[in-house]
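Hello,

Here is the structure for you to take over. My notes follow below it.

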Amino acid sequence: DKFPIKGGKITAAEIDDLYCLSDAMPGCKIHLSTKGPEEKYKIECDSQVFPYIFEEPVGTFHDLQAGEAYFVYVEEDETEFLKSQEKAKQNFAGVKSVATRGEGCSCIEG
């Protein structure tokens, strides 16, 4: 999707209005980068800092060019993540897995 870049800037709020990211992940932080997911993975695997677009103040992205490709990255809020994990634990409390493996050979021949 094309972002409405005005004066080389866009805000995280404008991106959130388009993608509704905070509806799915309350309290999340939105970042932009010129680098795609594969490049991000490689950079982070090389223990380097991944370059996001400059924000000042936080949530206002600068030096953007209309027509250029930018990638949106979402950082989940830690408190919200922990809440969702606790809710998942409660939802699955008492559920037992039916995929219990007993003794035996795992090869095809038995």
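Start with Lys42: it is exposed, with a relative accessible area of 53%. Exposed means over 50% relative accessible area, buried under 20%, and partly exposed in between (1.4 Å probe, protein chains only). The Lys42 side chain meets that of Asp46 in a salt bridge (3.2 Å, N to O). Asp46 is partly exposed, at 41%.

Some ground rules. This is a predicted model: local features need pLDDT of at least 70, side-chain atom pairs count only at pLDDT 80 or more, and totals for chains, interfaces and linings use all residues. Residues are numbered from 1 along each chain as its sequence is written, and side-chain values use heavy atoms, with hydrogens and water left out.

Salt bridges: the whole structure has 4. The criterion is a side-chain nitrogen of Lys or Arg within 4 Å of a carboxyl oxygen of Asp or Glu. Another one links Lys40 and Glu44 (2.8 Å, N to O). Both sit in helix α3 (residues 37-45), 4 residues apart, about one turn of the helix. Helices are DSSP runs (H or I, at least four residues), as are strands (E, at least two), numbered from the N terminus. Lys40 counts as buried because its relative accessibility is 16%. Glu44 is partly exposed, at 40%. Lys6 and Glu14 also pair, at 3.6 Å, N to O.

Strands: β2 (residues 29-33) has 4 of its 5 residues buried. It runs antiparallel to β4 (residues 71-75), joined by 5 bridges. Strands pair if DSSP finds at least two bridges between them. Ser33 stands opposite Phe71 in β4.

Best wishes
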